[in-house]
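Here is a short note for a colleague who is opening this model for the first time. Please read the points with the structure in view.

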Amino acid sequence: MLKRIGPSLLAIAVCVGVAAPARAQIYTFRDTNGQLVLSNRRPAADARPASYAVPKAQGLRATRPVAAERAKAYDDLISEHSKTHGVRADLVRAVMQVESGFNPFARSPKGAMGLMQLMPATATKFGVRNAFNPAENIRAGVAYLRELLDRYANNEELALAAYNAGPGAVDKHGQNVPPYRETQNYVAQINRMAGHPAAPRDKTIFKSTDLTADGRAIPSYSNLKH
């Protein structure tokens, strides 16, 4: 059994993944392309392998992505608030993945918080008490996306640019994606992940205002008239 891995993965070769039967001897060497190889078979003598005995190992575990599994935990919340605000679920999911990698406790150096990386002012605007609470964070993040989509006539690229760089930056550049490398890469990455938007809606979106327990007004959007 041969397994080629990049050098950066050697130190985590026993991390999360699917267990495979262990063998008594593991050899490591580099092939003719310079890639690092792990094998339970002794390679040719000219490969100069290093070997490691693992007599008591119960199994080997290979690394694998976990973002998809993390995302599933928030599917119901994404679906609920996407429908409430008329925003594509795929778009919300892509924003969340790029913003936080589905880490509800993520915090940026600039102070953005949680799954959808809400800035403090945005969290306050949408009545968020705990930005690290997934339900509150997703509700406010999707509502903010809806607000930006309304501001830019349902243009997802401009809404995404504003989500990343702020509406002021988009307006300053003539309602175009600002010429900032970070913002342009952000928009392109989410577009690739979320796919193309559906055809423009021919239905009216209705805005309503709900009051929280402390009297704070929270806007919501729907294609159903309340």
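1. Start with E136, which is found in helix α5. Helices (H or I, at least four residues) and strands (E, at least two) are DSSP runs, numbered from the N terminus. E136 counts as buried because its relative accessibility is 18%. Buried means under 20% relative accessible area, exposed over 50%, and partly exposed in between (1.4 Å probe, protein chains only).

2. A word on the source. This is a predicted model, where local features need pLDDT of at least 70 and side-chain atom pairs count only at pLDDT 80 or more, while totals for chains, interfaces and linings use all residues. Residues are numbered from 1 along each chain as its sequence is written, and side-chain values use heavy atoms, with hydrogens and water left out.

3. What does E136 touch, not counting residues up to four places away in sequence? The list is G127, V128, R129 and N130. Contact here means heavy atoms within 4.5 Å. E136 and A123 are 13 residues apart in sequence, and their C-alpha atoms are 9.0 Å apart in space.

4. N137 also lies in helix α5. Is N137 buried or exposed? With a relative accessible area of 0%, N137 is buried. Neighbours within four places in sequence aside, N137 is in contact with M113, G114, L115, M116, Q117, L118 and A131.

5. Now turn to helix α3, residues 89-100. This helix has 12 residues and reaches 16 Å from its first C-alpha to its last, close to the 16 Å expected at 1.5 Å a residue. The expected span is 1.5 Å times one less than the number of residues. G101 follows α3, and its phi is positive, near 65°.

6. Which residues of α3 are buried? They are L91, V92, A94, V95, M96 and S100. These buried residues pack against α2 (75-85), α5 (134-151), α6 (156-165) and α8 (181-194).

7. Two packed helices are described by the angle between their axes and the distance between the axes. Axes are lines fitted to C-alpha atoms, for helices over the stretch in contact, and angles run from 0 to 180 degrees between N-to-C directions.

8. Take α2 and α3. They pack at an angle of about 130°, with their axes 9 Å apart. That makes α2 oblique to α3. Angles under 35 degrees count as roughly parallel, over 145 as roughly antiparallel, 65 to 115 as roughly perpendicular, and the rest as oblique. In this contact, D75, I78 and S82 in α2 meet A89, V92, R93 and M96 in α3. The residues of the contact divide into four nonpolar, one polar and two charged. Ala, Val, Leu, Ile, Met, Phe, Trp, Tyr, Cys and Pro count as nonpolar, Asp, Glu, Lys and Arg as charged, and the others, Gly among them, as polar.

9. Then α3 and α6. Their packing angle is about 30°, and their axes are 13 Å apart. That makes α3 roughly parallel to α6. On the α3 side, L91, V95 and E99 meet E156, L160 and Y163 in α6. By class, this contact has four nonpolar, no polar and two charged residues.

10. Last, the whole protein. Its secondary structure comes to eight helices and eight strands. Of its 226 residues, 35% count as buried. Among contacts with a separation of 6 or more, 48% are between residues 24 or more positions apart.
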